[in-house]
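Thanks for coming. I have one structure to go through today, so please take a look at it before I start.

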Amino acid sequence: MTPFGLTLQIIFFGVLLLSMGMIMFRLLRGPHMLDRIMAVDSMALVALCLMAVLELAIGTTYFFDALLVLSIVGFISAVVLSRYVQNGDIIE
Amino acid sequence: MSEIIQPIALGLMFIGLFFVFVAAVGIVRFPDIYTRLHAATKGVTFGFAFLIMGAAMLLQKGPDDIAKAVLAIIFQLLVAPIAGHMIARVAVRKGIRPVKNPQGELYDAQIALTPDDQSDN
């Protein structure tokens, strides 16, 4: 139905997974805790891009709701983890 | 109609893919956390916006998908500066030094790449 054939799927999944692997390198190596938080925030966004491409590949529309919710989760995790690094405590 | 929309949507998706990949390269290659935050907030958000919009246009199952995609993009454009600001503020307060000082001279690279406070690493 949608013109999203096997070649396009291989290109999009390959490049997005390669990007995710590179961000995973920063997540494993990052010299400070804040580098890891930043890498997790970026990995959440790349995972959302992967969800959109997967949705095109299998032809459903249900993943956009999950995409909205998971974007909220990624933002909250970045803010809460950076506050935890600053204060050592989340709730003041 | 779909013959007009499909190349535009695929072009948007390829622009988004390019920017996500370039942002990932920047996250790996940049020297300190302040320059890495540029790639992690601006680059990935820009690529995400283009890729989601292209996917919603290419799906062609109705206008509510495009509405949800626009909602996701607006939310991400609102919250990405907040997350970047929080991380950069904590980095300043923790005393992580950038590679160059405000006059543009290099600090000692070994000092700049390792944080002052190693306890929470």
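This is a predicted model: local features need pLDDT of at least 70, side-chain atom pairs count only at pLDDT 80 or more; totals for chains, interfaces and linings use all residues.

Let me start with the interface. The size of an interface is often given as the accessible area lost when the parts come together. Here chain A and chain B bury about 4500 Å² between them, and carbon and sulfur atoms give 77% of that area. In terms of residues, 50 from chain A are in contact with 49 from chain B. Which residues of chain A lose the most area to chain B? They are A:Met38, A:Leu45 and A:Phe64, and together they make up 14% of what the chain A side buries.

Next, the charged pairs. How many salt bridges are there between chain A and chain B? The count is two, and the count over all chains is also two.

One of these pairs is B:Arg36 with A:Asp35, where the closest N and O atoms are 2.3 Å apart.

A:Asp65 is partly exposed, with a relative accessible area of 36%, and B:Lys68, at 23% relative accessibility, counts as partly exposed.

Last, the helix pair within chain A. Two packed helices are described by the angle between their axes and the distance between the axes. For H2, residues 33-58, and H3, residues 63-87, both of chain A, the axes come within 9 Å and cross at roughly 175 degrees. Angles over 145 degrees count as roughly antiparallel, so H2(A) is roughly antiparallel to H3(A). On the H2(A) side, the contact includes A:Ile37, A:Ala44, A:Leu48 and A:Met51. On the H3(A) side, it includes A:Leu67, A:Leu70, A:Gly74 and A:Ala78. What is the make-up of this contact by class? It has 16 nonpolar, three polar and two charged residues. A:Phe64 belongs to this contact, and it was also on the list of residues that lose the most area to chain B.

That is what I had; questions are welcome.

Terms used:
Residues are numbered from 1 along each chain as its sequence is written. Chains are lettered from A and ligands numbered from 1 in the order in which they are written. Side-chain values use heavy atoms; hydrogens and water are left out. Axes are lines fitted to C-alpha atoms, for helices over the stretch in contact, and angles run from 0 to 180 degrees between N-to-C directions. Helices (H or I, at least four residues) and strands (E, at least two) are DSSP runs, numbered from the N terminus. Angles under 35 degrees count as roughly parallel, over 145 as roughly antiparallel, 65 to 115 as roughly perpendicular and the rest as oblique. Contact means heavy atoms within 4.5 Å. Ala, Val, Leu, Ile, Met, Phe, Trp, Tyr, Cys and Pro count as nonpolar, Asp, Glu, Lys and Arg as charged, and the others, Gly among them, as polar. A salt bridge is a side-chain nitrogen of Lys or Arg within 4 Å of a carboxyl oxygen of Asp or Glu. Buried means under 20% relative accessible area, exposed over 50%, partly exposed in between (1.4 Å probe, protein chains only). Buried area is the accessible area (1.4 Å probe) that two parts lose on being put together, summed over both.
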